[in-house]
Amino acid sequence: MSFVKHRNLMKVYNKFVRQKDENLKRRNIDKKNKKSVQKVEEVKEETQVHALEPDSNVLTDKEKNKNKISKMKRLNKVDENEDVEHGEESDIHPAVEESDSSEDEVAPRNTIGNVPLKFYKDEEHIGYDISGKKIKKQARKDMLEAFLARTDFSKKLIVHDDYNDEDVEIPKEWQELIRSLLKGKTPHADVNPYPEYVDWVKHDAVHPMSNAPEPKRRFIPSKSEHKKIVRLITAIRKGHITFEPPKEEKRIYHDLWGDDSSSTDKSRQGLRFIPPPKAKLPGHEESYNPSLEYIPTQEEISSYELMYEEDRPKFIPKRYESLRKVPAYDKAVEESFARCLNILLCPRVRKKRINIDPESLKPKLPNRKDLRPYPITCFLEYKGHIDAVTSISVQVSGQWLASGSKDGTVRIWEVETGRCIKMWVVGEAVNCVAWNPVPDRFVLGIAAGQDVLVLNTGLGSAEEQHRVKQLLNIDAPSGTDNSDDKSTPIVSWIKHDKHEGIRLKHIKTVTSVEWHRKGDYFSIVMPTGDSKAVLIHQLSKKVTQRIPFKLHGHPVSSVFHPCRAILFIATKKSVRVYDLLKEKLIRKLEPGVREISSIAVHPAGDNVIVGSREGKVCWFDMDLSTQPFKILKCQPKDITNVAFHRSYPLFVASSENGTAYVFHGMVYSDLNQNPLIVPLEILHTTTHGRGVIDCSFHPRQPWLFTAGSDSVIKLYCH
């Protein structure tokens, strides 16, 4: 315990001692006054009694003086007796009055009076006793012993009294009072400072406007309301106020043997109420005296025993003369249990039958006759190749057709007559052929093995041929590349030895050739995973450059945008759209198919179709979303190629099963209207090998060219 806390406790203790001494003095004085008053009243009563005696005469002056002296003596004796009873000496403590209380026997506590303690600081004694002798100070304990004494494990609170030079033990009751006083609480421990609030007045409102008690008039019947009630009763008796008669409730009778599903009682039926199954009603065979036609013969009964238990009838009717002779039914308990089990475990499911015409579920599509023209029948066949035809391309004027085959030859056909006017032998299987899109530039791009041939077809006027020869002229072979490593060029531009044209040597096999709309640039695709997989060649400057983008996956095909500087690159899983001017990725189309096989762009440039190896065609509206607008599951096998018509709303998808599906695909200029896709025709071209390998539309007529693995090119017209 700290010194400050010890000093505070001592002050409180001394305050209590002084207050107790003062209370004792005040109590003794009150008791003495009461006793003296009682004695005086007794003496007065005695004098009054002597004065009222009948034989008493008038006293003389001597007798009066004797009576006064005797009274004074008696009063003095009373005071002396009181002093003797208490055994106190007035000379020792004249200011302290004695009483009958046992607490008065305690010796006086303060031996120094109001003298400050600092006067006895340097003295050996502290105060004086009753006899006037000095009271010597007790031997002081050192600080450690005093601390151990104060912190006794018995949890006794001991305080040193400086006035009396002694240690005082404070009882537990006083400790609680002192703690309460130090904390500013009520001293008495039994006092509850927070009693429960008793609301003597109850209010109907949640928050009353006033806390005032309710007035008396609220507990007394209102006279005005009584007058109103009397007037209403008088009006009802006279008939001025009439009431409607009570409505009679209609009793509802339930049909125990009827069908609950057709019941009109909606109170029993909930939203999901399903009636339990009904038991079969008893018929004539269950009667005790049925007709003879219901009673089976002995042969029929013996045949029942040979039947399976499931097929055997459960009740065999018998005939009795009266009800008294009908025995108890031995299967009553079993059938009741089976009935309860049927009601409990019966799977009751409400099945709603919707009467809908199946034809109304089909989408409302326009009539195919209204969508003509489109290719229907095979009009012409182009025969001359020995092996499968892998690629075909129609010249932009629509007069010439180029085809490449696995037999290593490239042929040019006249479309209207089917006559082969020119043939080149390239020595390797041809993967792709593509005409230059410029009408007066009769140049053909051929992909065969690791080489790309740009040949002069020799068609056109002399002036056009002169411009083509100047375009394909190469003075010396050159190897160009825009990469940092110039020692190993990936493309070599050289003049072809046998044919009039240019030969571009690549490091890997080229699978696709696509021209730009202006006819100066063309892109090639090599199925590798690096940035060299797609290259762009410039024919006028004989320059090759890589695309400035990182490819994610093996590329399948690349297509230029019909009217903008945008390049579409299709990998096996997605289609990436790049802006060639800004050199950044614009959009990534996710078809969600196993593997992409081909891609085609609508002539307007806002819609793309993608063919897959699982027979699906995905239509993308790039203004709408990167997810397919519509997925067409039209082919059972892999789709080899897809193509749009340049002027008619047609597109086609060829497959390895030897068929080509022709669709009507109308794209509207109104952005709020979705494209219209309608299947039109299934063209069966071949059943040999891989079926239809390539297909292409005529640039001006609604004609379709198909190239199959049977080495035949077919023309389908409307």
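Ile536 stands opposite Gln545 in strand E19; helices (H or I, at least four residues) and strands (E, at least two) are DSSP runs, numbered from the N terminus. This is a predicted model, in which local features need pLDDT of at least 70 and side-chain atom pairs count only at pLDDT 80 or more, while totals for chains, interfaces and linings use all residues. Residues are numbered from 1 along each chain as its sequence is written, and side-chain values use heavy atoms, with hydrogens and water left out.

**The sheet**

- Strand E18 (residues 534-538) pairs with E19 in the antiparallel sense over 4 bridges; two strands pair if DSSP finds at least two bridges between them.
- An open sheet of 4 strands runs in the order E16-E17-E18-E19, with antiparallel pairing.
- Because E16 and strand E19 (543-546) each have a single partner strand, they stand at the edges, and one side of each is left without a neighbour in the sheet.

**Nonpolar cores**

- A nonpolar core is a set of buried Ala, Val, Leu, Ile, Met, Phe, Trp, Tyr and Cys residues joined through side-chain atoms within 4.5 Å. Buried means under 20% relative accessible area, exposed over 50%, partly exposed in between (1.4 Å probe, protein chains only).
- The largest nonpolar core has 23 residues, and Val454, Leu504, Val513, Trp515, Phe522, Ile524 and Leu539 have the most contacts inside it.
- Among the elements giving two or more residues to this core are helix H9 (462-471), strand E16 (512-515) and strand E17 (521-525).
- A second, separate core has 16 residues, including Ala570, Leu589, Ile596 and Val610.
- Apart from neighbours within four places in sequence, Leu539 is in contact (heavy atoms within 4.5 Å) with Val454, Leu471, Leu472, Trp493, Ile502, Trp515 and Asp520.

**A buried histidine**

- His499 is found in the loop between E14 and E15, and is buried with a relative accessible area of 16%.
- Not counting residues up to four places away in sequence, His499 touches Trp424, Val425 and Leu455.

**Aromatic pairs**

- Rings of Phe, Tyr and Trp (its six-membered ring) pair if their centres lie within 6.5 Å; planes under 30 degrees apart count as stacked, over 60 as edge-to-face and the rest as tilted. The count by this rule is 10 aromatic pairs.
- The ring centres of Tyr382 and Trp413 are 5.8 Å apart and the planes are at 65°, so this pair is edge-to-face.
- Tyr382 and Trp413 are both buried.
- Trp515 and Phe522 form a tilted pair, 4.9 Å centre to centre with 45° between the planes.
- Trp515 is buried at 10% relative accessibility, and Phe522 is buried at 1%.
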